[in-house]
Amino acid sequence: MSLQLRVYVPPHPLIKHWLAVARDAGTPSVLFRSAMTELGRWLTYEAAREWLPTLEATVQTPLGNCDATLINPEVPVAVVPILRAGLGLLEGAQTLLPLASIYHLGLVRDEQTLQPLCYLNKLPEKLDPQTRVLIVDPMLATGGSIMAAMAELTHRGVDPSLTRIVCVVAAPPALQQLSNAYPGLIVYTATIDETVNNQGFIVPGLGDAGDRIFGT
Ligand code: PRP
(Lines give C-alpha, C1' and ligand atoms only; values in the text may rest on other atoms or scores of the structure.)
Protein backbone atom coordinates (compact mmCIF):
# COMPACT_ATOMS: atom_id res chain seq x y z
CA MET A 1 0.00 0.00 0.00
CA SER A 2 1.53 3.37 -0.97
CA LEU A 3 1.42 6.04 1.71
CA GLN A 4 -0.49 9.26 1.13
CA LEU A 5 -0.86 12.42 3.16
CA ARG A 6 -4.21 12.28 4.95
CA VAL A 7 -6.08 15.48 5.79
CA TYR A 8 -9.06 15.21 8.16
CA VAL A 9 -11.65 17.95 8.51
CA PRO A 10 -13.76 16.62 11.40
CA PRO A 11 -17.46 17.37 10.75
CA HIS A 12 -18.13 18.50 14.30
CA PRO A 13 -20.49 21.36 15.26
CA LEU A 14 -18.15 22.66 17.99
CA ILE A 15 -15.25 22.85 15.52
CA LYS A 16 -17.44 24.61 12.94
CA HIS A 17 -18.75 27.05 15.53
CA TRP A 18 -15.35 28.08 16.86
CA LEU A 19 -13.96 28.34 13.33
CA ALA A 20 -16.77 30.78 12.47
CA VAL A 21 -15.99 32.83 15.58
CA ALA A 22 -12.27 32.89 14.68
CA ARG A 23 -12.93 33.89 11.07
CA ASP A 24 -15.20 36.84 12.02
CA ALA A 25 -13.15 40.05 11.71
CA GLY A 26 -15.33 41.57 14.47
CA THR A 27 -14.28 38.98 17.07
CA PRO A 28 -12.23 40.71 19.79
CA SER A 29 -8.88 39.31 20.89
CA VAL A 30 -10.21 37.83 24.14
CA LEU A 31 -12.84 35.78 22.29
CA PHE A 32 -10.42 34.90 19.49
CA ARG A 33 -8.15 33.33 22.12
CA SER A 34 -11.09 31.29 23.44
CA ALA A 35 -11.82 30.11 19.90
CA MET A 36 -8.20 28.98 19.48
CA THR A 37 -8.27 27.15 22.82
CA GLU A 38 -11.49 25.33 21.89
CA LEU A 39 -10.21 24.45 18.41
CA GLY A 40 -6.97 23.21 19.95
CA ARG A 41 -8.95 21.02 22.32
CA TRP A 42 -11.37 19.46 19.82
CA LEU A 43 -8.88 18.99 17.00
CA THR A 44 -6.43 17.36 19.43
CA TYR A 45 -9.24 15.09 20.63
CA GLU A 46 -9.76 13.98 17.02
CA ALA A 47 -6.01 13.64 16.36
CA ALA A 48 -5.51 11.46 19.45
CA ARG A 49 -7.52 8.60 17.91
CA GLU A 50 -5.21 5.71 16.99
CA TRP A 51 -2.23 7.94 17.81
CA LEU A 52 -2.09 8.16 21.58
CA PRO A 53 -0.38 4.95 22.77
CA THR A 54 -2.43 2.68 25.00
CA LEU A 55 -1.87 -0.50 26.96
CA GLU A 56 -4.23 -3.28 27.95
CA ALA A 57 -4.66 -4.02 31.63
CA THR A 58 -7.05 -5.47 34.16
CA VAL A 59 -8.76 -3.31 36.75
CA GLN A 60 -10.79 -4.43 39.70
CA THR A 61 -14.17 -2.77 39.92
CA PRO A 62 -16.12 -2.97 43.20
CA LEU A 63 -17.79 -6.04 41.71
CA GLY A 64 -14.99 -7.93 39.97
CA ASN A 65 -12.17 -7.92 37.44
CA CYS A 66 -12.53 -6.13 34.13
CA ASP A 67 -10.38 -5.69 31.01
CA ALA A 68 -9.33 -2.08 30.58
CA THR A 69 -7.40 0.20 28.21
CA LEU A 70 -5.14 2.88 29.64
CA ILE A 71 -2.85 5.56 28.18
CA ASN A 72 0.66 4.08 28.08
CA PRO A 73 2.88 6.44 30.12
CA GLU A 74 6.07 4.75 28.84
CA VAL A 75 5.76 6.02 25.25
CA PRO A 76 6.90 9.64 24.94
CA VAL A 77 4.40 12.19 23.68
CA ALA A 78 5.47 15.67 22.58
CA VAL A 79 3.61 18.80 21.54
CA VAL A 80 5.45 21.31 19.35
CA PRO A 81 3.73 24.71 19.22
CA ILE A 82 5.00 26.93 16.41
CA LEU A 83 5.28 30.39 17.92
CA ARG A 84 3.65 32.69 18.19
CA ALA A 85 0.27 31.61 16.91
CA GLY A 86 0.68 27.95 17.89
CA LEU A 87 0.53 29.06 21.52
CA GLY A 88 -3.17 29.76 20.96
CA LEU A 89 -3.84 26.07 20.31
CA LEU A 90 -1.47 24.77 22.98
CA GLU A 91 -3.70 25.22 26.03
CA GLY A 92 -6.50 23.11 24.57
CA ALA A 93 -4.05 20.46 23.39
CA GLN A 94 -2.30 20.35 26.75
CA THR A 95 -5.49 19.76 28.71
CA LEU A 96 -5.90 16.49 26.77
CA LEU A 97 -2.21 15.55 26.84
CA PRO A 98 -1.12 16.53 30.35
CA LEU A 99 1.95 14.25 30.31
CA ALA A 100 3.31 15.53 26.98
CA SER A 101 6.63 17.36 26.78
CA ILE A 102 6.25 20.79 25.17
CA TYR A 103 9.02 21.81 22.78
CA HIS A 104 8.61 25.42 21.60
CA LEU A 105 9.68 26.34 18.09
CA GLY A 106 9.74 30.04 17.20
CA LEU A 107 9.37 30.72 13.49
CA VAL A 108 8.45 33.98 11.82
CA ARG A 109 8.05 34.65 8.13
CA ASP A 110 10.18 37.32 6.55
CA GLU A 111 7.56 39.73 5.21
CA GLN A 112 9.36 40.20 1.88
CA THR A 113 10.52 36.68 1.03
CA LEU A 114 7.87 34.80 3.10
CA GLN A 115 10.70 32.44 4.15
CA PRO A 116 10.54 31.27 7.79
CA LEU A 117 13.26 32.44 10.16
CA CYS A 118 13.88 30.42 13.31
CA TYR A 119 14.37 32.55 16.45
CA LEU A 120 13.77 29.89 19.14
CA ASN A 121 14.32 26.15 19.09
CA LYS A 122 13.73 24.22 22.32
CA LEU A 123 13.84 20.78 20.67
CA PRO A 124 16.33 18.35 22.21
CA GLU A 125 19.21 17.16 20.01
CA LYS A 126 17.62 13.73 19.60
CA LEU A 127 14.09 12.44 20.07
CA ASP A 128 13.11 8.82 20.66
CA PRO A 129 11.86 7.55 17.26
CA GLN A 130 8.78 6.19 19.09
CA THR A 131 7.79 9.69 20.20
CA ARG A 132 4.27 10.68 19.26
CA VAL A 133 4.60 14.29 18.08
CA LEU A 134 1.73 16.75 17.72
CA ILE A 135 2.59 20.01 15.93
CA VAL A 136 0.16 22.86 16.58
CA ASP A 137 -0.04 25.95 14.37
CA PRO A 138 -3.32 27.61 13.34
CA MET A 139 -2.26 28.25 9.75
CA LEU A 140 -0.55 26.28 7.00
CA ALA A 141 -0.23 28.84 4.19
CA THR A 142 2.70 28.72 1.77
CA GLY A 143 4.00 25.77 3.79
CA GLY A 144 7.38 27.30 4.57
CA SER A 145 6.92 27.20 8.35
CA ILE A 146 5.52 23.68 8.63
CA MET A 147 8.17 22.31 6.28
CA ALA A 148 10.88 23.96 8.40
CA ALA A 149 9.33 22.44 11.54
CA MET A 150 9.13 18.98 9.97
CA ALA A 151 12.78 19.23 8.87
CA GLU A 152 13.85 20.10 12.44
CA LEU A 153 11.87 17.15 13.81
CA THR A 154 12.87 14.46 11.31
CA HIS A 155 16.50 15.58 11.60
CA ARG A 156 16.21 14.67 15.31
CA GLY A 157 14.82 11.20 14.63
CA VAL A 158 11.05 11.81 14.63
CA ASP A 159 9.00 9.39 12.53
CA PRO A 160 6.55 11.34 10.29
CA SER A 161 4.04 8.48 10.45
CA LEU A 162 3.83 8.98 14.25
CA THR A 163 3.40 12.74 13.80
CA ARG A 164 0.12 14.64 13.66
CA ILE A 165 -0.42 18.27 12.68
CA VAL A 166 -3.27 20.23 14.23
CA CYS A 167 -4.13 23.46 12.45
CA VAL A 168 -7.22 25.60 11.94
CA VAL A 169 -6.92 26.67 8.31
CA ALA A 170 -4.86 24.72 5.77
CA ALA A 171 -4.15 25.94 2.24
CA PRO A 172 -3.27 23.88 -0.84
CA PRO A 173 0.37 25.07 -1.25
CA ALA A 174 1.27 23.80 2.26
CA LEU A 175 -0.64 20.54 1.86
CA GLN A 176 1.03 19.90 -1.50
CA GLN A 177 4.51 20.34 -0.03
CA LEU A 178 3.72 18.09 2.94
CA SER A 179 2.26 15.47 0.64
CA ASN A 180 5.38 15.43 -1.55
CA ALA A 181 7.80 15.19 1.36
CA TYR A 182 5.95 13.27 4.11
CA PRO A 183 3.33 10.95 2.63
CA GLY A 184 2.72 9.13 5.97
CA LEU A 185 1.73 12.29 7.79
CA ILE A 186 -1.80 13.09 9.03
CA VAL A 187 -3.21 16.62 9.31
CA TYR A 188 -6.28 17.61 11.36
CA THR A 189 -7.75 20.95 10.37
CA ALA A 190 -11.00 22.85 10.90
CA THR A 191 -11.07 23.78 7.21
CA ILE A 192 -9.16 23.78 3.92
CA ASP A 193 -9.26 27.20 2.27
CA GLU A 194 -8.81 27.90 -1.41
CA THR A 195 -5.91 30.26 -1.87
CA VAL A 196 -2.93 32.12 -0.47
CA ASN A 197 -2.59 35.72 -1.65
CA ASN A 198 0.59 37.59 -2.66
CA GLN A 199 1.23 38.62 0.94
CA GLY A 200 1.11 34.99 2.07
CA PHE A 201 -2.32 35.29 3.75
CA ILE A 202 -4.83 32.49 3.41
CA VAL A 203 -8.07 33.69 1.73
CA PRO A 204 -10.68 33.80 3.21
CA GLY A 205 -8.69 32.54 6.22
CA LEU A 206 -8.87 34.32 9.53
CA GLY A 207 -6.28 37.09 9.19
CA ASP A 208 -3.03 37.13 11.19
CA ALA A 209 -3.69 34.62 13.97
CA GLY A 210 -0.63 35.68 15.99
CA ASP A 211 -1.69 39.34 16.00
CA ARG A 212 -5.29 38.46 16.82
CA ILE A 213 -4.31 36.16 19.71
CA PHE A 214 -1.94 38.64 21.28
CA GLY A 215 -3.73 41.90 20.35
CA THR A 216 -0.74 43.30 18.44
C1 PRP B 1 1.97 32.41 10.63
C2 PRP B 1 1.31 31.11 11.07
C3 PRP B 1 2.24 30.05 10.58
C4 PRP B 1 2.80 30.66 9.34
C5 PRP B 1 2.14 30.03 8.15
O6 PRP B 1 2.96 32.78 11.52
O7 PRP B 1 1.07 31.03 12.44
O8 PRP B 1 3.28 29.74 11.48
O9 PRP B 1 2.50 32.08 9.37
O10 PRP B 1 2.65 30.55 6.97
P11 PRP B 1 3.50 29.72 5.93
O12 PRP B 1 2.80 28.42 5.72
O13 PRP B 1 3.45 30.59 4.71
O14 PRP B 1 4.88 29.56 6.47
P15 PRP B 1 3.77 34.15 11.39
O16 PRP B 1 5.01 33.97 10.57
O17 PRP B 1 2.84 35.24 10.95
O18 PRP B 1 4.26 34.40 12.87
P19 PRP B 1 3.40 34.63 14.22
O20 PRP B 1 2.79 33.30 14.56
O21 PRP B 1 4.43 35.06 15.20
O22 PRP B 1 2.37 35.68 13.96
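Arginine 41 is partly exposed, with a relative accessible area of 22%, where buried means under 20% relative accessible area, exposed over 50% and partly exposed in between, for a 1.4 Å probe and protein chains only. The side chain of arginine 41 meets that of glutamate 38 in a salt bridge, at 3.0 Å from N to O, the term being used for a side-chain nitrogen of Lys or Arg within 4 Å of a carboxyl oxygen of Asp or Glu. Glutamate 38 is buried, at a relative accessible area of 18%. Because they stand three residues apart in helix 2, glutamate 38 and arginine 41 are separated by about one helical turn; helices (H or I, at least four residues) and strands (E, at least two) are DSSP runs, numbered from the N terminus.

This is a predicted model, in which local features need pLDDT of at least 70 and side-chain atom pairs count only at pLDDT 80 or more, while totals for chains, interfaces and linings use all residues. Residues are numbered from 1 along each chain as its sequence is written, and side-chain values use heavy atoms, with hydrogens and water left out.

## Other salt bridges

The structure holds five salt bridges. One of them joins glutamate 46 to arginine 49, with the closest N and O atoms 3.2 Å apart; glutamate 46 is buried at a relative accessible area of 13%, whereas arginine 49 is partly exposed at 45%.

Another is formed by the side chains of arginine 84 and aspartate 211, at 3.0 Å from N to O. This pair links distant parts of the chain, since arginine 84 sits in the loop between strand 4 and helix 3 and aspartate 211 in helix 6, 127 residues apart. Arginine 84 is partly exposed at 33% relative accessibility, and aspartate 211 is also partly exposed, at 28%.

## Ligand surroundings

Arginine 84 also faces the ligand: an N or O atom in the side chain of arginine 84 is 2.8 Å from a ligand oxygen atom. A backbone N or O atom of alanine 141 likewise lies 2.8 Å from an oxygen atom of the ligand, and for the side chain of serine 145 the corresponding distance is 2.6 Å. Taken alone the ligand exposes 500 Å², of which the protein buries 95%, with accessible areas coming from the Shrake-Rupley method with a 1.4 Å probe.

Around the ligand there are 16 residues, of which Arg109, Asp137, Thr142, Gly143 and Ser145 come nearest; a residue counts as near if one of its heavy atoms lies within 4 Å.

Leaving aside residues up to four places away in sequence, methionine 36 touches Ala22, Gly88, Leu89, Pro138, Val168, Leu206 and Ile213, contact meaning heavy atoms within 4.5 Å.

In helix 3, Gly86, Gly88, Leu89, Leu90, Gly92 and Ala93 are buried. What covers the buried residues of helix 3 includes helix 2, strand 4, strand 8 and helix 6.

Note on methods. Polar contact = N/O pair within 3.5 Å; in protein donor to acceptor, adjacent residues only side chain to side chain.
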